[in-house]
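Sequence and structure come first.

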Amino acid sequence: MEGVKATTKDVSLQPRNVPNRYTFPCPYCPEKNFDQEGLVEHCKLFHSTDTKSVVCPICASMPWGDPNYRSANFIEHIQRRHQFSYDTFVDYDVDEEDMMNQVLQRSIIDQ
């Protein structure tokens, strides 16, 4: 079969069904496309007195997050829970048991 070449699909180029964990909408107003730090600052500046219970868009995008859980005090939640980017510390492609094993192995090495 001259002229026909075998091709393989590059799996890395295939779209993955992964939630967006880099930009987030404000749960109070129509503003969107905040990074984590920007969302925290925006909410502190513009919504610090809003008492409406809302879903945290950052938590909802995480594998362990519940997209239906409404935080009773979102401003306090976002200030306490989202002071750093999870991407620095979490490998989303590794399951919880593997992560725990890695942490335990590192703790033994560090002693």
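## Report on the chain

S71 sits in strand 2 (residues 70-71). Helices (H or I, at least four residues) and strands (E, at least two) are DSSP runs, numbered from the N terminus. The model is a predicted one: local features need pLDDT of at least 70, side-chain atom pairs count only at pLDDT 80 or more, and totals for chains, interfaces and linings use all residues. Residues are numbered from 1 along each chain as its sequence is written, and side-chain values use heavy atoms, with hydrogens and water left out.

S71 counts as buried because its relative accessibility is 7%. Buried means under 20% relative accessible area, exposed over 50%, and partly exposed in between (1.4 Å probe, protein chains only). Not counting residues up to four places away in sequence, S71 touches S53, V54 and H77. Contact here means heavy atoms within 4.5 Å.

**Overall layout**

The chain holds four helices and two strands. Along the sequence they follow the pattern α-β-α-β-α-α. Of the 111 residues in the chain, 24% are buried. The chain exposes about 9,000 Å², and carbon and sulfur atoms supply 51% of that area. Accessible areas come from the Shrake-Rupley method with a 1.4 Å probe; for residues, only the protein chains shown count as cover. Take the contacts between residues at least 6 apart in sequence: 42% of them join residues at least 24 apart.

**Confidence**

The mean pLDDT of the chain is 81, and 76% of the residues score at least 70. pLDDT is the predictor's confidence in each residue, from 0 to 100. Where pLDDT is low, the predicted coordinates should not be read in detail.

Which residues of helix 1 are buried? They are Q36, L39, V40, H42 and C43. These residues lie on the same side of helix 1, because they cover an arc of only 165° around the axis. The arc is that of the directions from the helix axis to the C-beta atoms. An α-helix has 3.6 residues a turn, so residues three or four places apart point the same way. On the other side of helix 1, E37, L45 and F46 are exposed. The buried residues of helix 1 pack against helix 2 (57-61) and helix 3 (74-81).

N33 is found in the segment before helix 1 (36-46). Its phi is near 65°, a positive value in a residue other than glycine. N33 is exposed, at a relative accessible area of 58%.

**Core and aromatic pair**

The largest nonpolar core has 15 residues, and C26, Y28, L39, C43, I58, F74 and I78 touch the most other members. A nonpolar core is a set of buried Ala, Val, Leu, Ile, Met, Phe, Trp, Tyr and Cys residues joined through side-chain atoms within 4.5 Å. Helix 1, helix 2 and helix 3 each supply at least two residues of this core. C43 is in contact with C26, P27, Y28, S48, F74 and I75, leaving aside its neighbours within four places in sequence.

The whole structure has one aromatic pair. Y28 and F74 form it, edge-to-face, at 5.8 Å centre to centre and 70° between the planes. The pair links distant parts of the chain: Y28 in the segment before helix 1 and F74 in helix 3, 46 residues apart. Rings of Phe, Tyr and Trp (its six-membered ring) pair if their centres lie within 6.5 Å; planes under 30 degrees apart count as stacked, over 60 as edge-to-face and the rest as tilted. Y28 and F74 are both buried.

C56 lies in the loop between strand 1 and helix 2. V94 is in the loop between helix 3 and helix 4 (96-109). The table gives the accessibility and contacts of each, leaving aside neighbours within four places in sequence.

| Residue | Relative accessibility | In contact with |
|---|---|---|
| C56 | 5%, buried | Y69, F74, H77 and H82 |
| V94 | 19%, buried | M99 and Q102 |

C56 and I75 are 19 residues apart in sequence, and their C-alpha atoms are 9.7 Å apart in space.
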